[in-house]
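Notebook open, model loaded. I want to look up a few things and jot them down as I go.

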Amino acid sequence: MVEHKFIQSSGFRNVGPEGAREGFEVRIRLPNYRGMRMSLFDGVDVTVDGETFPYEQNLIRLRDQTFNLAELREAADVRWELFEWGTVVVRKPGGLTPGIHRIAVCARVRSPYFPPEFQPSFVRDERLGTIVLP
């Protein structure tokens, strides 16, 4: 089930084996009013407790596929449907400490019917999230 908020209330967690965390991930819903090709999605900036992780370095996972920014821009044959969630994977050796964190995201979305000078548009959200396991 996908929630109305852009940042979903579940799916905020560290990734990688315990003791050797590789980063963390944030679950998001589609940042558009209808399904879209992944090639129109141009990444997500993630900020946690004031530390920003730029969209150029973050990975996007949809279903069983993971995309870096160059792969996203070429993924015209992959469609993100309205009621699916995706995940932003952020590389941060050691992951995040357990506890409550302030999460902010800014997704970059290109619309095929907008003139280039108005691209991309930005979808922003923020909320608190809890890392439970170290």
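I started at the hairpin of strand 6 and strand 7, where 2 residues lie between the strands and Arg-63 has a positive phi near 55 degrees. This is a predicted model, so I keep in mind that local features need pLDDT of at least 70.

Next I checked the pairing around that turn. Strand 6 (59-62) and strand 7 (residues 65-67) run antiparallel, with 3 bridges between them. Leu-62 sits opposite Gln-65 in strand 7.

Which strand does strand 6 also join through 3 bridges? I found strand 9, again in the antiparallel sense. There, Ile-60 faces Val-88.

Val-88 turned up again when I listed the contacts of Val-46. Leaving out neighbours within four places in sequence, I noted Phe-24, Val-26, Glu-51, Thr-52, Phe-53, Asn-58, Val-88, Val-90, Ala-104 and Val-105.

Then I looked at the largest nonpolar core, which has 32 residues. Val-46 is among the members that touch the most others, along with Phe-24, Val-26, Met-38, Phe-41 and Val-44. I traced where the core comes from: strand 2 (23-29), strand 4 (41-48), strand 6, helix 1 (69-74), strand 9 (85-91) and strand 10 (99-109) each give at least two residues.

Last, the surface. I picked out a nonpolar patch of Tyr-33, Tyr-113, Phe-114 and Phe-118, with about 490 Å² of accessible area together. Phe-114 belongs to the loop between strand 10 and strand 11 (121-131). Is Phe-114 buried, partly exposed or exposed? I put it down as partly exposed, because its relative accessibility is 39%, and that class runs between 20% and 50%.

Definitions and conventions
Residues are numbered from 1 along each chain as its sequence is written. This is a predicted model: local features need pLDDT of at least 70, side-chain atom pairs count only at pLDDT 80 or more; totals for chains, interfaces and linings use all residues. Side-chain values use heavy atoms; hydrogens and water are left out. A nonpolar core is a set of buried Ala, Val, Leu, Ile, Met, Phe, Trp, Tyr and Cys residues joined through side-chain atoms within 4.5 Å. Buried means under 20% relative accessible area, exposed over 50%, partly exposed in between (1.4 Å probe, protein chains only). Helices (H or I, at least four residues) and strands (E, at least two) are DSSP runs, numbered from the N terminus. Contact means heavy atoms within 4.5 Å. Patches are made of residues with over 30% relative accessible area and no salt bridge: like charges are joined within 9 Å, nonpolar side chains (Val, Leu, Ile, Met, Phe, Trp, Tyr) within 5 Å. Accessible areas come from the Shrake-Rupley method with a 1.4 Å probe; for residues, only the protein chains shown count as cover. A salt bridge is a side-chain nitrogen of Lys or Arg within 4 Å of a carboxyl oxygen of Asp or Glu. Two strands pair if DSSP finds at least two bridges between them.
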